[in-house]
Amino acid sequence: MNNSPLHMRLDQNHLLKCYGYQILRHGDLKSYNSLKQEFSDWLHDKTAQFIKRGSLEGWSLESYHNALEGAKVDHHALIKEIKRQLPNEFSHHPYIKKMVAVASDCTKTKLKIYNDKLEFRVCRPSLSDNNPLHRDHWFPYFTPLLNVYLPMSGSYVDSAMQVVPRSHLWSDEDVVPTFPYEGGKPVKGSVAYSVPEIASSAKKIEPHRPDIIPGDFMLFSPLCVHGGGSNSSHETRFSFEIRLTDEL
C-alpha cells in the first residue's frame, strides 16, 4: 500500500484533489434500498435481543430515537453492547460491491475495503452523539486511505456530517489536535472522544454539509477536517463509515 495520500496521485483538476471530497452517483437505488432494509432489520433484531423483547413499536431508522424512548432503551448501553462494526456479509452486498467499483473508476485506482470492515454511525436529533471536527490523518495509518460517507437515513442540510472544503491541503501546523497520536496509541490524557478535537487553527474553518441524495455516497480524504455533524432535524441520522485502500 502506498503511504502517500491517495488524492495526491490524481490529476490536478480532479474534484477530489481540488476540494478534498466528491459526491458520487451510484445509480442503483434498488440495491441501496435493499442494503438499508437489511441494516434496519439487523439493528432491530440486535435491539430486540438487547431489551429481550420481540419487537419495537414504530421502528424505522429515521424514528430510531422515538422507538428507543418508547421502549425505555439506553442508547449508549445498546451501542456499547452491539458495537458499531457490521457483520462481514454487509461488505459483500451488491450495493457495496458496486460502490467500490464506482470509487475505483472515479480515482482510476483499483480499490478495496480496508480490512473488509464496515461500521455504522448514529446521531440522534438534538443530542451530542457526534464526534467533534477532526482529521483522520492525525492517526497516521489512515493517511493513504479514502473515506466513504454513506448516509442511510436522516442526512439533510441540518443534519449531515460536516466536511471543510480544501482542508486536505492544510499543513500539520495549520490545524493542531488536542492530543497527538504516537507509537500506535493516543498519548494519555483527558480525552472526551476517541478522536482529538481541534486545539488551534491558523485557517478559517467553514464546514459544509454535503447534499447527498439517497443511494449516492461521498468520498473524502482523511486529511479533510470533518465531523461535528450535529443533528437539528427530526430524524435519526445513520450512516456507514467505510475506508478504501489501494489493492496493490
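Visitor: Is Thr109 buried or exposed?

Guide: Burial is judged by relative accessible area: buried means under 20%, exposed over 50%, and partly exposed in between (1.4 Å probe, protein chains only). Thr109 has 14% relative accessibility and therefore counts as buried. Please bear in mind that this is a predicted model, in which local features need pLDDT of at least 70 and side-chain atom pairs count only at pLDDT 80 or more, whereas totals for chains, interfaces and linings use all residues. Residues are numbered from 1 along each chain as its sequence is written, and side-chain values use heavy atoms, with hydrogens and water left out.

Visitor: Where is Thr109 found, and which residues does Thr109 touch?

Guide: Helices (H or I, at least four residues) and strands (E, at least two) are DSSP runs, numbered from the N terminus. Thr109 is in the loop between α5 and β2. Contact means heavy atoms within 4.5 Å. Leaving aside residues up to four places away in sequence, Thr109 touches Leu6, Arg9, Ser104 and Asp246.

Visitor: How many bridges join β1 to β9?

Guide: Four bridges join β1 to β9 (residues 217-220), and the two strands run antiparallel. As one example, Gln22 has Leu219 in β9 as its bridge partner.

Visitor: At what angle do α2 and α4 pack?

Guide: Angles under 35 degrees count as roughly parallel, over 145 as roughly antiparallel, 65 to 115 as roughly perpendicular and the rest as oblique. Helices α2 and α4 (residues 75-82) pack at about 110 degrees, with their axes 10 Å apart. They are therefore roughly perpendicular to each other. Leu43, Lys46, Thr47 and Phe50 of α2 make the contact with Ala77, Leu78, Glu81 and Ile82 of α4.

Visitor: What does Phe238 touch, and is Phe238 buried or exposed?

Guide: Phe238, in strand β11, is buried, with a relative accessible area of 1%. Not counting residues up to four places away in sequence, its contacts include Phe39, Leu43, Leu61, Tyr64 and Phe120. Phe238 and Phe39 are 199 residues apart along the chain, yet their C-alpha atoms are separated by 10.0 Å.

Visitor: How many salt bridges does the structure hold?

Guide: A salt bridge is a side-chain nitrogen of Lys or Arg within 4 Å of a carboxyl oxygen of Asp or Glu. The structure holds ten. In one of them Glu62 meets Lys36, with the closest N and O atoms 2.7 Å apart. This pair links distant parts of the chain, 26 residues apart: Glu62 is in the loop between α2 (29-51) and α3 (64-70), and Lys36 is in helix α2. Glu62 is partly exposed at 21% relative accessibility, and Lys36 is partly exposed with a relative accessible area of 21%.

Visitor: Which residues do salt bridges with shared partners join into one network?

Guide: Glu241 forms a salt bridge with Arg243, the closest N and O atoms being 3.4 Å apart. Both Glu241 and Arg243 are buried. Salt bridges that share partners join Arg121, Asp136, Glu241 and Arg243 into one network.

Visitor: What is the phi of Lys72?

Guide: Most residues other than glycine have a negative phi, and most peptide bonds are trans. Lys72 has a positive phi of about 55 degrees although it is not a glycine. Lys72 is in the loop between α3 and α4, and is exposed, with a relative accessible area of 75%. Ser126, also not a glycine, has a positive phi of about 60 degrees.

Technical notes:
Two strands pair if DSSP finds at least two bridges between them. Axes are lines fitted to C-alpha atoms, for helices over the stretch in contact, and angles run from 0 to 180 degrees between N-to-C directions.
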